[in-house]
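Let's take a friendly walk through a protein model, looking at its pockets and its charged pairs. Have the structure open beside you as you read.

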Amino acid sequence: MGWFDIFRRRSDRKDPPSSTQTVLDHKAPTSRNEAIDHAVETVNSATTAQETLKIILDLHLNVLRDLISETQTFQKRLEAFTQDLETRLSLNTFSGQVDAAYDRLKNTIGQSPDIILRRFYIGRKQQIPALLVCEDGLSDNQMIDQDTIYLLQRFENVQSLKENPAIAHQIVHDSVVSIGHATVETQWSKLLIDVMGGNTLVFIDGCLEVLVLDTVKYPARAIEQPTTERAVKGPQESFNEVILTQMNLIRRRIKGPALSFEPLVMGELSNTSIIVAHVQGVANPAIVLAVKERLASLTLANVEYGNELSSVLSDNPSSLFPQVRFSERADIIARDLALGKVAILVDNTPYAMTVPSTFMDFYQTTDDYTGSFWEGSLQRLIRFIGLFIGLLMPPLYVALISVDPELLPTRLVITIEASRLGIPFPPIFEVIIMWTIIEILREAAIRLPKGLSTTLGTVGAIVVGTAVVKAAIVSDLMIVIITLTALGLFTSPVYSMATPWRVLFWFVIIASYFFGTYGIILAVVGIIAHLASLENFNVPYFSPFGPLNLRDLKDSMVRFPYSAFKKRPAYLATVNPVQRTEPQRTPMPHPPMVSMQRERLDDDV
Amino acid sequence: MTTSNLLIRITLMMGLTLSLSACWDNRPINDRMLVLSMGFDPAHKAHQYQVTFQAPTPSATASSDAGGGSSGSSGMEVFDVKGTGPDLAATFSQAQAQVSKDLFLGQLILLAISTKLPPGELASIMNSLTRIGTLDKTPFVIATNQSATQVLEHTSPQARFPCFYFLTLFSCPTCQTDSLGVRLWQFLSREATPGVDAFLPVVSTAPQGFTTDTVALYRKYRYVTTLSPKETQIFGILEGISHKANFYFPRWQADIRAVSGGSHLSTAVIHGKVHATINLRLTATLASIGSVTEDAQELSMVAQAASKRITDDARRLIKKTQALDVDPLGIGRMLSWQHPRSYAQYLPWHQEYPKVDVTVHCTVTINKMGDIK
């Protein structure tokens with residue numbers, strides 16, 4: 001029998017009559033039947049008590065103590081609820097009685113050691129009971145001690161509070177506390193969430209409104225350099241876990257009033273803050289509305305990671321390809337917002353999301369825009385070359401060595417044959433062995449401490465690479481191919497885009513093994529067809545290649561000069577497509593410096 | 001469509017695709033015997049021929065730098081397996097029985113054909129070769145007046161495997177006196193096209209390797225003749241494949257080299273007779289001359305002499321081919337392109353070809369005096 005059963009039985013059981021009532025009742029019965037009824041009732045009560053006692057006796061002593069403690073807490077909680085009910089006829093509304101509030105809080109969230117309940121009096125001479133509630137660790141102690149309690153305890157004009165209890169909170173708000181942001185709340189359901197978020201509650205006896213002081217001060221990481229999206233010349237700021245910091249970093253880049261942050265709270269347990277950000281007058285309202293509707297339609301018990309929302313933000317969540325771009329770089333999110341995209345910030349997730357994202361978005365980096373367009377274009381081309389090498393080189397090796405060797409030049413065939421002499425495995429097993437080793441090294445390098453991982457990665461690669469060749473398990477050519485593959489598949493600047501290629505790699509390998517080069521072509525066509533079929537928020541994922549849009553091609557495989565980016569991407573269907581107007585260049589007049597120099601030269605002569 | 005139906009269709013499609021794939025017989029290249037050269041010789045029995053399949057030995061492969069020259073090692077570089085039979089399949093089976101690996105013809109580089117091979121057998125060989133799926137019809141074809149096997153077994157210090165010698169030679173058209181390399185598809189194309197006959201470079205063994213300065217003329221797979229080196233040089237000029245032809249003129253003690261240029265063939269039918277005109281516009285380099293300070297007049301005279309000699313030699317060569325009833329220049333083919341209706345009246349072409357009036361115009365320009373090309 002569990003705790004709940006014991007508790008229910010005790011609750012269901014009728015309360016025994018109090019002693020006074022019992023005495024009166026004993027005097028009252030006049031008929032025999034009533035006496036019999038009482039007797040039966042007494043016997044029943046005794047039986048129940050006996051059963052309960054029997055259960056209790058079977059339990060451990062500590063459990064018994066806990067049971068008593070729980071019962072007492074429950075009793076006090078009930079008493080607090082009763083007081084609220086008597087005053088406001090609602091369990092969800094503060095009754096204005098500090099004692100009741102204290103009892104209620106003490107017996108609910110106050111059981112937790114991180115919740116601080118502080119009873120004190122407002123004023124020196126005349127005093128009004130008050131209660132302060134805060135979350136230890138999430139609230140700023142200095143703001144609570146010096147800017148709240150200290151000032152309230154030394155408040156002189158307590159009489160005004162007593163005379164106007166209905167507006168006491170307003171007086172305190174206006175004249176006493178020196179906290180920048182303070183609001184008022186009456187509902188317990190909201191008050192409890194506020195205090196869990198780091199706010200401080202001030203209950204004033206007699207006042208039905210509760211002051212909610214913004215004393216939030218999270219323990220947070222500093223703004224550090226991006227680790228997954230490094231840039232050579234770009235800004236070196238990345239988000240941390242605090243949503244406010246994320247908003248600040250974006251706001252610093254878009255200072256105009258058009259930048260809109262719309263808050264949401266998700267997660268029945270976590271009450272995680274979510275921010276939907278967009279630039280008004282730029283972003284397509286239909287996309288903004290769709291994002292908000294999709295998020296609102298999602299019910300989650302707990303929002304631990306932002307990625308939990310990506311499924312609802314993707315039209316094809318089962319697709320291998322990510323349709324929501326995550327970025328830890330504030331500059332990238334600000335740039336996306338300025339282009340007309342919608343950003344979603346999630347508290348405790350140091351990566352912001354932007355939608356709608358296209359395939360090309362995952363191959364654009366900060367460095368593409370901080371250097372010249374030659375530099376940016378070259379980098380992008382290298383990325384795609386890396387992708388093609390990474391995706392196709394091992395499959396081509398398997399296809400050309402096993403299935404279609406007649407397609408290779410003879411001299412190369414002889415060279416490969418020489419390198420494969422004595423290798424007991426077919427090429428596909430070579431690929432499987434080497435790629436498994438690479439994946440193991442990669443996984444180990446991620447999990448190990450940084451210093452160790454670099455050493456292990458280098459040493460592991462060299463030692464394992466040399467050893468497997470010497471042991472004639474794989475050919476030396478395979479080492480070259482797999483190294484290029486490993487590097488090529490990670491040229492994607494966004495980590496989440498590397499995963500689909502790592503998975504599709506196997507798909508292409510198997511196709512190459514069964515169908516040779518024909519299979520590779522089939523697989524690549526299949527991948528491109530899948531990419532072309534994806535859509536998110538009615539935006540084609542393969543834009544601007546499919547459907548072809550010449551205007552947007554300027555920022556795709558190569559990056560055109562900035563002067564070519566006069567309009568925002570067409571696929572976003574922005575409210576205001578114009579983002580840049582070039583000035584008419586007029587010939588520069590002779591700078592005065594030249595004439596002055598000439599005069600000086602003339603003087604010298 | 002229900003899910004089960006969809007699954008059935010997908011499974012069926014995958015099954016069909018897999019059954020059509022070549023995965024069941026795919027094999028790593030080191031488990032195949034890469035036949036690099038094939039030689040075809042007549043057999044002792046009638047209507048049969050001998051085929052030599054030549055592949056590099058594993059030890060040679062392991063120590064090979066493939067494209068480099070001969071290592072000079074004393075070990076065997078290549079080994080031959082031979083088969084004799086009335087068709088290629090029979091010879092292939094015999095050869096396959098002698099090796100442990102799969103005989104793979106997809107990397108064939110060289111086909112050596114003995115000029116003694118009867119036309120029926122050669123036609124049969126070519127017909128069989130076109131039906132090998134992995135063979136891409138790009139191997140070079142050579143003819144030899146010796147035994148094809150003998151040529152294949154001959155080594156050159158310039159290449160580790162004999163076939164690589166010819167691969168290097170024929171892959172660089174400007175490296176040869178005349179670009180004589182003929183790929184299988186070119187040979188087959190000439191044999192199949194009416195109005196033109198095939199030719200093949202003739203290879204003979206030499207102490208330091210091979211000599212390739214003559215061509216063998218074929219008519220419908222029948223070997224007709226082998227042109228002399230001098231005739232081959234003129235043939236190269238007429239075909240427009242000459243790059244390093246040279247002529248000596250004792251009168252001026254002048255030597256011109258790198259004679260090359262375009263050849264333009266045109267045909268006409270005048271009064272029922274076929275006329276062919278070959279215009280040669282050639283350039284040449286003056287390699288040496290008796291007078292150290294040659295003048296323009298002297299050069300012009302050399303050029304005129306060169307033009308005359310090439311014209312005369314060309315006429316002689318064409319007369320010879322007409323006498324042999326073989327049309328390697330493709331005059332009939334040109335007639336069929338330019339005057340298809342007239343060409344139809346002259347079938348069979350080989351009866352008409354000896355009667356064709358052929359005119360050769362040649363202009364030699366010596367414009368790079370003394371430059372070494």
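## A word to start with

A residue counts as buried when its relative accessible area is under 20%, as exposed when that area is over 50%, and as partly exposed in between. The model you are looking at is predicted. Take Glu237(A) as an example: its relative accessible area is 18%, so Glu237(A) is buried.

Glu237(A) has a partner, as its side chain forms a salt bridge with that of Arg252(A), at 2.9 Å from N to O. Glu237(A) sits in the loop between β5 (210-213) and α10 of chain A, while Arg252(A) belongs to helix α10, so the pair ties together parts that are 15 residues apart in sequence. Arg252(A) has a relative accessibility of 45% and therefore counts as partly exposed.

Glu443(A) is partly exposed at 31%, and Arg447(A) is exposed at 60%.

Salt bridges can also link up into a network, as they do for Arg335(A), Asp368(A), Arg380(A), Arg383(A) and Asp555(A). In chain B, Glu352(B) forms a salt bridge with Lys355(B), where the closest N and O atoms are 4.0 Å apart. Glu352(B) counts as buried, with 11% relative accessibility.

## A buried glutamate

Helix α16 of chain A also holds Glu430(A). Glu430(A) is buried, with a relative accessible area of 0%. Beyond its neighbours within four places in sequence, Glu430(A) is in contact with several residues, including Tyr397(A), Arg420(A) and Met478(A).

## The largest pocket

The largest pocket has a volume of about 1,500 Å³. It is lined by 43 residues, and the closest to its centre are Arg230(A), Arg442(A), Ile446(A), Phe490(A) and Tyr495(A). Helix α17(A) gives the largest share of this lining, eight residues.

The lining is made up of 22 nonpolar, 13 polar and eight charged residues. Where does the largest pocket lie? Domain 3 (243-357) and domain 4 (371-540) of chain A both give residues to its lining, so the largest pocket lies between them.

## The second largest pocket

The second largest pocket has a volume of about 1,000 Å³. Of its 36 lining residues, Gly197(A), Asn199(A), Tyr218(A), Ser273(A) and Asp347(A) are the closest to its centre.

Key
Residues are numbered from 1 along each chain as its sequence is written. Chains are lettered from A and ligands numbered from 1 in the order in which they are written. This is a predicted model: local features need pLDDT of at least 70, side-chain atom pairs count only at pLDDT 80 or more; totals for chains, interfaces and linings use all residues. Side-chain values use heavy atoms; hydrogens and water are left out. On a 1 Å grid over the protein atoms alone, a cavity is a set of points where a 1.4 Å probe fits but cannot get out, and a pocket is an open set with protein on both sides within 12 Å along at least five of seven lines; lining residues have an atom within 4 Å of a point. Grid points are joined across faces, edges and corners, and a volume is the space filled by probe spheres set on the points. Helices (H or I, at least four residues) and strands (E, at least two) are DSSP runs, numbered from the N terminus. Ala, Val, Leu, Ile, Met, Phe, Trp, Tyr, Cys and Pro count as nonpolar, Asp, Glu, Lys and Arg as charged, and the others, Gly among them, as polar. Domain bounds come from an automatic or database domain assignment. Buried means under 20% relative accessible area, exposed over 50%, partly exposed in between (1.4 Å probe, protein chains only). Contact means heavy atoms within 4.5 Å.
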